[in-house]
Structures are given as C-alpha cells and as structure tokens.
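This report describes one protein model in plain terms. Look at the sequence and the structure first, then read on.

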Amino acid sequence: CEDVSEIEKHEWPDPKYLDFSAVIERIDKIAPHNKFIFGGMWCSFFHKVCNYFGMENYFIKMYTCPKVVEAVTEKKVDFYAEANKRCFEVMGERLDAFFFGNDFGSQENLLISPGLFKRFILPGLKRLVYLAKSYSLKVVLHSCGAISRIIPLFIEAGGDALHPLQAKAKGMDAETLVKEFGRDLVFIGGLDTQELLPFGTPEEVKAEVRRFKKVFGERYIV
C-alpha cells in the first residue's frame, strides 16, 4: 500500500459483532470473591499494524509512507476505541482497571525511536487511556522489553500501572524503576522469567519476591 486512498477500500473489522456475554458471566463469578478486576479489549494496535505490513516493512514505511502508516493505525485504533466503549458500557461498574498491551521494547532498547513512538503510537495510546479514564477506570499497560525511555510518556498520558517489568531488559531493574518512576506508577511483576523462574530454586524465587517487595514498597503487585 502506497496511497491513503487504498486504505478506505479495505474491509475493516466491525465492532458490532462483538459479544461480551461470556466475559460478563466470568466476571460475575469472580466478583463475590472481592477481586480487583482487570478488563477491556487488549488493544494491541501496534502489533496489529505490524502484522498488516510485516515488521520490517512497517518500520521502513514510517519513513517512506508515513501518511499510510498513520491512516492504517487510525483505523485500528478506531476499532479498539469503539470496541472498548461498547465493552465499558455493558460491563458498567464490574471493572476496576483497563488492561491493555503492546511490546514496545527488545532486550536492549525500544523497537522504534521515541520520536517515531510519539508520532505513530502515542496518539492512539492516549485516546484509549482517555476513554478508560472517562469511565473512572485505572489504566494498566503491558509491555515487555527495555521501555524506560517511553515510560514518562505513558505517565503523561494518564497511566497508573506498568506490567510485566522485564527484569533482564536494559534499564528495567527494580531500583532504576523506583528511582525514576516510583512516585507515579504502581509496578506489577518484575520477577525474571528468563533465568530465575525457569532455572532458580524455590528459595531463590522467594528471596527475590521479598527483595522486590522491599524495593518497591506498597506500590507493588507481585
């Protein structure tokens, strides 16, 4: 695709076919147990656009055909925004937090620069966050990888909590996260899934959980 006009010809998904009855039934079974309920559409529009173009082609087109990338991204965000609106309307006060995600980082750094993130990703992210906030929901973002360079943008957009804190990724250790963002975010996860959980002893895992609880304090969910 090289022209924005081609995008309008594509048959885009229609949110009217969504059925939330099974999810509502599951939540209603959990609700009596006094659980904090995360919900909403997963809204992985970054990955969905990546799937449309292919990752390498997607990143190249951010430079060669930026208007096309913006138009496709807007179509995907339109779908998720309307889907979430329908979700939040029918679920009413059943939900406590909107939980959604994209993996924006690799082991060492972001997949795209902060500048490209601001242009192509942040507007859609803000739109979804603002929608959730209009329903008085907390907002929890999932992203694997080394994403410390864009965490301030998530906070600025109104995010409340970050998951899963990829422990071995650059700049994502507990001490750094607390120092840089401890006043603004709740942290969820953080236990190393690359070495500790698959290869560590139960005693080592317990020790790391206790260390995390000490480092993060009350703004932490194991």
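Which residues in helix α8 are buried?

## Helix α8

In helix α8, which covers residues 174-181, the buried residues are Ala174, Leu177 and Phe181. Buried means under 20% relative accessible area, exposed means over 50%, and partly exposed lies in between (1.4 Å probe, protein chains only). Helices (H or I, at least four residues) and strands (E, at least two) are DSSP runs, numbered from the N terminus.

An α-helix has 3.6 residues a turn, so residues three or four places apart point the same way. The buried residues of α8 pack against α7 (151-157), β5 (186-188) and α10 (202-216).

## Basis of the model

The model is predicted: local features need pLDDT of at least 70, side-chain atom pairs count only at pLDDT 80 or more, and totals for chains, interfaces and linings use all residues. Residues are numbered from 1 along each chain as its sequence is written, and side-chain values use heavy atoms, with hydrogens and water left out.

## The whole chain

The protein chain has ten helices and six strands. Its radius of gyration is 19 Å, close to the 17 Å that the globule rule gives for 222 residues, so the chain is as compact as a globular protein of that length. This radius is taken over C-alpha atoms, and the globule rule is 2.2 Å times the number of residues to the power 0.38.

Of the 222 residues, 45% count as buried. Among contacts (heavy atoms within 4.5 Å) with a separation of 6 or more, 76% are between residues 24 or more positions apart.

## Val69

Val69 is found in helix α5, residues 66-91. Val69 counts as buried because its relative accessibility is 0%. Apart from neighbours within four places in sequence, Val69 is in contact with Phe53, Tyr58, Lys61, Met62 and Phe120.

## Cysteines

How many disulfides does a search of the whole structure find? It finds zero. A disulfide is taken here as a pair of cysteine sulfur atoms within 2.5 Å.

For Cys1, the closest cysteine sulfur is in Cys65, 7.7 Å away, which is too far for a bond. The sulfur of Cys144 is 15 Å from its closest cysteine sulfur, in Cys50, again too far for a bond. Cys1 is partly exposed, at 40% relative accessible area, and Cys144 is partly exposed at 24%.
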